Amino acid sequence: MKRFLWRRTGGFIFTALLVSFATFFIVQVLPGDPALLMLGTEASPASYARLRRELNLDQPALQRYLQWLGSFISGQWGNSWRYSLPVRELVSQAFPLSFALALLAVALAALASLPAGMYMAVRPHSPSSRVLSVLTQVALGMPQFWVGILLIQLFAVGFHLLPAGGFEGWQSLILPTLTLALPRTAILSRFLRAGMLEGLGQDYVRTAQAKGVAGPVVLFKHVLRNAALGPLTAAGVQFAQLLAGTIVVEQVFGLPGLGQLLLNGVFQRDLPLVQTVVMLVVLVILAFDLVFDLCLGLLDPRIRYE
Amino acid sequence: MWRRMGLGIAVLLIIVWSGGAGAQVLNIAIPQDPDSFDPIRTVAAATSEVAFNIYEGLVKATPEGGVAPALATHWEVDASGTKYTFFLREAVFHDGSSVTVRDVVESLNRARDPELAVRAGELSMIKEVKALDNAVQVELYEPNGAFLYLLTEVYASIYPAEAENLSRQPVGTGPYYLADWRPNQHLELRRFEQHWSGELPYFSQVNFLIIPDENSMVLNLKAGRVQLIPRLEVSVLHQVENSPGIKIHTSPMNLVQLFAINNSRPPFDDLRVRRALALGLNREEILLGAAWGQGVLLDSALSPAMAGFYNDQLNEINPYDPQQAKELLREAGQENLRFTLTLPANYPLHVQAGELAAQQWERLGLEVDLEIVEWGTWLERVYTQRNYEVSIIGLAGRLDPHAILVRYTTDSSRNFFNFSNSRYDELIELGLRAQGEERRAIYLEAQEILARELPGIFIMDPLQMAAMREDIQGWRSYPTYVVDLASLYQ
């Protein structure tokens, strides 16, 4: 266990460094000069030169990378070029929102997929199972921006029940969460169905049934516990994806999350902002990954940490 | 860090933001945040739209495109046309301090300092700014017909000489002040009760909500979360056109959409080739296909919105005539010309217009490679390095024709057409010193040169469409990029 933790921590730091290096140099090689983007089409050559000096753009890239790395580790995240605000302030406003949204969406998807997936596995040939199966296909096929707009149309414009966008409190997260959870529920329930169908055909299930263990106990204790591994791993991946990957939904609902921040940062080549957001997301994902791996062991005692 | 984030969560989740509640609050949808409220550093049109209500200069623009007194009650010009004396009125800044002669001098000096101001070059005609007794004298090197109009720009705003951190905390004299700004969320403006005019605008609070998606904007308008969309995307016009409770104001945008041609790159250095591209262009079709018919075709670098200077006699010069276009190409030996058309991806209007034009040019037997680039790439490659063949862009109009037309002079740093015409350069010089009817005649001739020599092909001025709830009154369209909050009421 100790060795496992050491190895994982080493991998953690290595991955983080690698990502920071890659992000920095990808933004470097992108065409488009940050100073030019800030000044637009009306700037004079003098102010352009001055701004490049001010942003340290006249120094070698490697030197700037090392400077950035040093200050990032010491907690100095600098100022965003696009927003003329401290990156820390921007991120501490956007991060909680994105984190909450990703967590809610995945939690909802996991909860909703449980009965749906189990039902489809236990009664694979029933008409309702077939309907459910078609519904999961449809949910997967619908583009998210369209679902979002549909929900706004229905609940905000039609019934005046929920806000049409922006962040005005808890109720503002309901529609975005639904939008994000829908396709993810479909994926998870299909995973669960497949896993449980496989489990139901196993010898130990037949043995348990033969020795008279009650049906629900077999289903939950024997089949579900084994089948949950796949969907849970998928849910972990989904959460990581959602952390900064909710740009489309943020745009549709006008939510001030990490996705918007990152997108605008990339468009403006706002290096301090992009770099910090990417690093934070990576760190959170890596940490989650570690915790998640440890949790899987609780679920499946066969998993060993070496 | 985590404590702060925790606090952030708490603040975000607990506080239900109070906008929209009660009367006299107006919510306006805009697609993105301003860049900076420091008048001498901002470049985004999105900023000037908001800043117009926060800052004021000595003079301000009128909806008709004229110049009206603002912080100056009136002004005098001496006989030589080089000395302007502005007489200040009693006014206070948002921070409660009085506007002094020193504030004005400092603000104007900062605006023309190339070490500080992004657009200092535009005020380079100023020789000296002098403080007088309750007045400010601006001396120019030589008479300049554009000068007074330039003082309406955001960069010529007046703010306290000691002000700091203007980019986030603007201090001006306008009818509204900035109370709160949350990036990607909203800007909250409050009515300034001590405005020098003594008149209070109807709305005591105005929120600019950031809504990047145009479909969501419309839904927010329908749901009543916002009452005004100052710039409706033409692609969603059909969603609001016949909606109950919503009305639309249209006006020329004072923006000239054009195909820019790299005049120094063969074979485009040959006027016959440029002319062939112009004659082969069915702009009627582009207007319908790309802008849904919501625009005005034009043949000049000026928009018809500049009524006093627009040359409306140019539409016969380059009619749609594919036959003659082919002939010109044959004459120039370019009937199999293959070239790249570079389109800026962030402007759907330009991309669609470009795609339509490419099809039309291919019908002449040309081969057009479309290259869709992101805005940063466009700025760097097309605009700055001038490394392109043909591209498309919209150039924003100004109040005075000089600021627009000077771009096409040989030595202009903004002349990404690499266009050069000695008579044109001479006219633009003359135009600055001329007045009245003489000045107008000069600009009419200059526009005709552009239409004949074709640094690019002028297409249209798209319409600006402001969509609002029916009970919003008093909307005023300007030939510049502003939303005049003080004129709105319910």
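Colleague: What should I know before I start?

Modeller: This is a predicted model, where local features need pLDDT of at least 70, side-chain atom pairs count only at pLDDT 80 or more, and totals for chains, interfaces and linings use all residues. Residues are numbered from 1 along each chain as its sequence is written, and chains are lettered from A and ligands numbered from 1 in the order in which they are written.

Colleague: At what angle do the axes of H5(A) and H11(A) cross?

Modeller: Axes are lines fitted to C-alpha atoms, for helices over the stretch in contact, with angles from 0 to 180 degrees between N-to-C directions. Helix H5 (residues 87-122) and helix H11 (residues 229-244) of chain A cross at roughly 155°, their axes coming within 9 Å. Angles over 145 degrees count as roughly antiparallel, and H5(A) and H11(A) are therefore roughly antiparallel to each other.

Colleague: Which residues make the contact?

Modeller: Two residues are in contact if their C-beta atoms, placed from the backbone, lie within 7 Å. Among them are Phe99(A) and Leu103(A) of H5(A), and Phe239(A) and Leu242(A) of H11(A).

Colleague: And how is chain B built?

Modeller: Helices (H or I, at least four residues) and strands (E, at least two) are DSSP runs, numbered from the N terminus. Chain B has 14 helices and 18 strands, and its C-alpha trace spans about 70 × 60 × 45 Å along its principal axes.

Colleague: What share of chain B is buried?

Modeller: A residue is buried if 20 or more other C-beta atoms, placed from the backbone, lie within 10 Å of its own. In chain B, 50% of the 490 residues count as buried.

Key. Angles under 35 degrees count as roughly parallel, over 145 as roughly antiparallel, 65 to 115 as roughly perpendicular and the rest as oblique. A residue is buried if 20 or more other C-beta atoms lie within 10 Å of its own, exposed if 12 or fewer, and partly exposed in between; C-beta atoms are placed from the backbone.
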